[in-house]
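Biologist: Please take me through the strands, the aromatic side chains and the surface of this model.

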Amino acid sequence: MNVMAAAKNENGKYAFMGIGFGQDLAVALDTAGHKTGKLVYEFPDDAWFMIDEDSVYGLNQPAKSLIGKEDWSLTRYMEYVHERYSDLEVIMEDGQNAATGGAGALPEQERSERSGLVYVGLGILIMAGVVMMYRMMRKRSSESYKSNEER
């Protein structure tokens, strides 16, 4: 099962946009039937919503995990969108995964936790470098010793 996407262009004609979007959306659209609602796609979370008059509900699992299984009023949904995307620090890459809308749907992670992991990684790299240098020096000294014995 797949969904074909089309959009009205400047000439007022519908043009093919793409195919895919997953089985959960195809089943949800089929279940919704021929409602006159409008589809809204939230790209960062791959979430599909249906707006039907003053009611908004999630069509696929990502949308349901964002707003729950209950219908929201259009006003509530608009407030959610405004709150989620009005803060530039949340939507910009601020050391977080921008593919999820600034990681708004992910648990918060303190900067100190992230910087601690960076320091651990750097420490491991430095230790590996020291061990490699020690082994190289030891190998050179043993080669030097062997060449002195052969003379």
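Biologist: How many bridges join strand β5 to β6?

Modeller: First, the basis: this is a predicted model, in which local features need pLDDT of at least 70 and side-chain atom pairs count only at pLDDT 80 or more, while totals for chains, interfaces and linings use all residues. Residues are numbered from 1 along each chain as its sequence is written, and side-chain values use heavy atoms, with hydrogens and water left out. Strands of a sheet pair through backbone hydrogen bonds, either parallel or antiparallel. Here two bridges join β5 (residues 55-58) to β6, and the two run antiparallel. Two strands pair if DSSP finds at least two bridges between them; strands (E, at least two residues) and helices (H or I, at least four) are DSSP runs numbered from the N terminus. V56 has W72 in β6 as its bridge partner.

Biologist: In what order do the four strands of the open sheet come?

Modeller: The order is β3-β4-β5-β6, with antiparallel pairing. At the edges are β3 (38-42) and β6 (72-73), each pairing on one side only.

Biologist: Which strands form a hairpin?

Modeller: β1 and β2 do, with five residues between them. G12 in that turn has a positive phi of about 85°. Six bridges pair β1 (residues 3-8) with β2 (residues 14-20) in the antiparallel sense, and A7 stands opposite A15 in β2.

Biologist: How many aromatic pairs does the count come to?

Modeller: Rings of Phe, Tyr and Trp (its six-membered ring) pair if their centres lie within 6.5 Å; planes under 30 degrees apart are stacked, over 60 edge-to-face, and the rest tilted. The count by this rule is four aromatic pairs. One of them, Y41 with W48, is tilted, at 4.4 Å centre to centre and 35° between the planes. The pair of Y77 and Y80 is tilted too, at 5.9 Å and 40°. Y77 and Y80 lie three residues apart in helix α3 (residues 74-85), about one turn of the helix. Together with F49 and W72 they form one aromatic cluster.

Biologist: Are Y77 and Y80 buried or exposed?

Modeller: Buried means under 20% relative accessible area, exposed over 50%, and partly exposed in between (1.4 Å probe, protein chains only). Both Y77 and Y80 are buried. W48 is buried at 10%, whereas Y41 is partly exposed at 33%.

Biologist: Which residues make the nonpolar surface patch?

Modeller: V118, Y119, L122, L125, I126 and V130 make this patch of about 640 Å². Y119 lies in helix α5 (residues 111-150) and counts as exposed because its relative accessibility is 60%. Patch residues have over 30% relative accessible area and no salt bridge; nonpolar side chains (Val, Leu, Ile, Met, Phe, Trp, Tyr) are joined within 5 Å, like charges within 9 Å. A salt bridge is a side-chain nitrogen of Lys or Arg within 4 Å of a carboxyl oxygen of Asp or Glu. Accessible areas come from the Shrake-Rupley method with a 1.4 Å probe; for residues, only the protein chains shown count as cover.
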